[in-house]
Amino acid sequence: MELTSEQIEFYSRMENLPEEDKEKIICDAKECVQNTGFNYTMSLFTGKYKMTILYTIGQFGTIRTNEMQRYIKGIPFKTLSANLKELETDGLIVRKEYAQIPPKVEYQLSEKGNSLLPILNAMCAWGYVHR
């Protein structure tokens, strides 16, 4: 599998960072892990489906709840709904509700959520290579 230009750019940016920036990003082993950016990032992904939901919205753009449930096989509606609310509260997705009958609700990634796409794509590429 070949990496996309976006994935290559992400990896090269990480490798070409100045040492002082790497120190900000990479967790210091002497520091308490709870106070690191890694721990904060992982706290946003707690739960079985959150990363999958983010990846799905990232791949399909603006998406409705029922569509998402079709793409993510086996996710109960209640679980999907709860995870979407948490992701919205965390500022990773934007919920747009239309005042119509029947009600229509769409989700898309926020700017903060879009900033995670290179990471999610890199994880996808890594999984493809190492499965």
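Is Arg95 exposed, partly exposed or buried, and at what relative accessibility? Arg95 counts as partly exposed, at 34% relative accessibility. The model shown in these views is predicted.

**View 1. Arg95 and Glu97 form a salt bridge.** The closest N and O atoms of the two residues are 2.6 Å apart. Glu97 counts as exposed, at 53% relative accessibility. The cut-off for exposed is over 50%. Arg95, at 34%, counts as partly exposed.

**View 2. Lys50 and Glu86 join two helices through a salt bridge.** The N to O distance between these side chains is 2.6 Å. Lys50 belongs to helix H4, residues 50-60, and Glu86 to helix H6, residues 77-89, so the pair ties together parts that are 36 residues apart in sequence. Lys50 is buried, with a relative accessible area of 3%. Glu86 is partly exposed, with a relative accessible area of 38%.

**View 3. Glu106 meets Lys104 in a salt bridge.** Here the side chains lie 3.7 Å apart, N to O. The cut-off for a salt bridge is within 4 Å, so this pair counts. Glu106 is buried, at 15% relative accessibility. Glu106 also has a bridge partner in the sheet: Arg64.

**View 4. Strands S2 and S3 form a hairpin.** Five residues sit between the two strands. S2 covers residues 93-98 and S3 covers residues 104-109. The strands run antiparallel, and six bridges join them. Glu97, the salt-bridge partner of Arg95, stands opposite Val105 in S3. Strands of a sheet pair through backbone hydrogen bonds, either parallel or antiparallel.

**View 5. Three strands make up an open sheet.** The order is S1-S3-S2, and the pairing is antiparallel. S1 (63-64) and S2 are the edge strands, because each pairs on one side only. Two bridges join S1 to S3.

Definitions and conventions
Residues numbered from 1 in each chain as written. Predicted model: local features only at pLDDT ≥ 70, side-chain atom pairs only at ≥ 80, totals over all residues. Heavy atoms only, no water. Helix = DSSP H or I, 4+ residues; strand = E, 2+ residues; numbered from the N terminus. Buried < 20%, exposed > 50% of the residue type's maximum accessible area, 1.4 Å probe, protein only.
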